[in-house]
Amino acid sequence: MSTKSNHPDPVEAEIEHALDPGRFVSDRGCFRFVDGLEQVTATVGQLVADDAERAATLYETFLAGCYEKAEEVDDSSGSFGMFAQSLISGWITARQAAQASPQQTTARLLAWMDDDQYGFCHRLEHQIATVFDEAGLAAFIDQIRSRFEAADQATPASVGSDQADRDARRRRAETTRWAEVLRSLYAAGGDLDAYVELAERTGLTADDCLTVANLLVSRGDPAQALAWVERGLQLDAERPYPSFAAHSLTELKPRLLADLGHGDQALETAWADYRKHPDRYSYDHLMTFVPHAERPGWHDRAITEALDGDRYLPAVIELLLHTDETGRLGQLAARTSDSSWEGVGHHAAEQAGTALEPGHPGEAARIWRAAGMRILEAGKSKYYDAALRYFDHAKRCYQQADQPDQWQQVVDEVYAQHGRKTSFLPGFDAVVTGTDPTPQPSFLDQAKARWGRHVSE
């Protein structure tokens with residue numbers, strides 16, 4: 001039982017010390033700052049079992065302190081906001097352990113959501129839906145539903161006035177907001193009928209179809225789930241651009257077909273998806289539906305498809321490396337133009353160049369050359385060290401491939417097109433000659449030499 005006292009709770013001193021009022025927390029220091037806050041939160045969490053009412057009060061005090069501290073934190077990482085949401089979850093848990101009124105808990109929570117100037121409650125429902133017990137979730141849903149109905153059925157002002165337009169926009173925004181919260185709560189609670197009714201009332205989307213399909217899968221009903229997947233894909237096909245749910249719906253469809261005993265149709269569906277976007281992930285997905293004895297043939301078919309036509313080069317590179325197809329990567333490199341390789345990011349280029357060096361040094365050299373040129377063309381001086389490393393790789397690979405003329409062409413090209421990049425040329429000279437670059441005097445050494453006087457160390 002909680003003990004009432006006029007004296008401040010000693011844990012409050014720990015909370016204030018951790019929040020460090022008056023000190024600004026930079027983005028770089030935010031993770032360490034939050035780590036200190038979480039250590040204090042652990043102390044509060046330990047109180048829930050023995051004194052839940054005290055714990056709830058401390059959680060609320062801690063949250064109030066976070067709102068007060070918000071102006072002193074650069075939360076670009078979002079870690080401080082996520083911490084604040086964890087306090088709300090802890091507060092709900094403590095309130096429930098103290099057998100507080102669910103209606104009072106949810107009413108206070110909604111008041112915080114209404115007055116949330118720092119976004120601590122943004123999409124909060126996704127986190128707290130699983131924290132509520134049955135009574136708390138029911139009370140929260142009831143209050144959210146009341147707000148949704150009030151916004152959806154509000155009487156508009158006089159038609160055609162500016163006020164009517166503003167009221168209509170505000171009403172639509174409120175209706176959408178509370179409908180999205182209800183969707184999350186219905187899904188978390190597994191209330192399929194309520195979810196479908198709300199979705200069809202407010203406008204069914206591909207995301208809704210995915211949610212319903214997953215709920216049906218959890219109920220062991222793959223046939224109905226498949227029907228909703230098909231419905232979602234049809235809705236998505238009517239959009240000018242694919243929705244975020246499209247990929248998940250496409251992945252789920254063959255799994256459901258396989259569960260229903262339609263293995264051939266599942267494989268056909270996965271193959272059709274792979275052909276649209278051949279990469280390492282769609283390859284792995286495809287192979288899960290290929291019978292083990294048929295995998296070598298399907299592997300060759302999949303790689304041939306990826307290499308056929310104008311595909312996204314980095315994705316194909318990653319696929320070939322993922323499947324240990326170094327030989328075919330060499331063939332791809334041979335037929336890919338230098339300008340195309342210059343358009344490939346450094347991560348994919350480094351992986352391809354490294355993989356090809358042992359057995360295909362000539363093609364590796366072209367890739368290293370392109371990676372270096374990409375940096376020079378962009379004029380990114382802070383990456384000149386990387387460019388020098390790439391050119392050094394290129395030189396060694398050209399030598400290994402017995403192609404000295406090609407290396408000389410690279411040297412001539414760099415000097416001709418980038419001869420004014422004075423901060424780059426000393427290092428490149430060293431790569432060409434195979435010597436260490438001459439150390440450049442420091443700023444202060446140059447200053448001392450210019451003034452002709454010695455400055456003691």
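Arginine 301 lies over the face of tryptophan 271, at 4.5 Å from the ring centre; a charge counts as sitting over a ring if NZ of Lys or CZ of Arg is within 6 Å of the ring centre and within 35 degrees of the ring normal. This is a predicted model, in which local features need pLDDT of at least 70 and side-chain atom pairs count only at pLDDT 80 or more, while totals for chains, interfaces and linings use all residues. Residues are numbered from 1 along each chain as its sequence is written, and side-chain values use heavy atoms, with hydrogens and water left out.

Rings of Phe, Tyr and Trp (for Trp, its six-membered ring) pair if their centres lie within 6.5 Å, and planes under 30 degrees apart count as stacked, over 60 as edge-to-face and the rest as tilted. One of these pairs joins tyrosine 67 and phenylalanine 120, which are tilted, with 4.7 Å from centre to centre and 55 degrees between the planes. This pair links distant parts of the chain, since tyrosine 67 belongs to helix H3 (residues 52-69) and phenylalanine 120 to the loop between helix H5 (102-114) and helix H6 (125-128), 53 residues apart; helices (H or I, at least four residues) are DSSP runs, numbered from the N terminus.

How accessible are the residues of this pair? Tyrosine 67 is buried, with a relative accessible area of 17%, and phenylalanine 120 is buried as well, at 3%, where buried means under 20% relative accessible area, exposed over 50% and partly exposed in between (1.4 Å probe, protein chains only). Phenylalanine 120 also forms a tilted pair with tyrosine 118, at 6.3 Å centre to centre and 35 degrees between the planes, and tyrosine 118 counts as partly exposed at 28% relative accessibility. Elsewhere, ring pairs link Tyr384, Phe391, Trp407, Tyr415, Phe424 and Phe428 into a cluster.

The loop between H5 and H6 also holds arginine 123, which has a positive phi of about 55 degrees although it is not a glycine and which is partly exposed, with a relative accessible area of 45%. Glutamine 99, in the loop between helix H4 (79-97) and H5, likewise has a positive phi, of about 60 degrees, without being a glycine, and at 71% relative accessibility glutamine 99 counts as exposed.

Turning to helix packing, helix H1 (residues 10-19) and H3 pack at an angle of about 25 degrees, with their axes 10 Å apart; axes are lines fitted to C-alpha atoms, for helices over the stretch in contact, and angles run from 0 to 180 degrees between N-to-C directions. That angle makes H1 roughly parallel to H3, because angles under 35 degrees count as roughly parallel, over 145 as roughly antiparallel, 65 to 115 as roughly perpendicular and the rest as oblique.

Helix H16 (residues 313-322) and helix H17 (residues 326-335) pack at an angle of about 155 degrees, with their axes 8 Å apart, and are therefore roughly antiparallel to each other. Their contact (heavy atoms within 4.5 Å) is made by Leu313, Val316, Ile317, Leu320 and Leu321 of H16 and by Arg328, Leu329 and Leu332 of H17. In H17, Arg328, Leu329, Gly330, Leu332 and Ala333 are buried, and the buried residues of H17 pack against helix H15 (295-307), H16, helix H18 (338-342), helix H19 (346-356) and helix H20 (361-378).

Terms used: Helix = DSSP H or I, 4+ residues; strand = E, 2+ residues; numbered from the N terminus.
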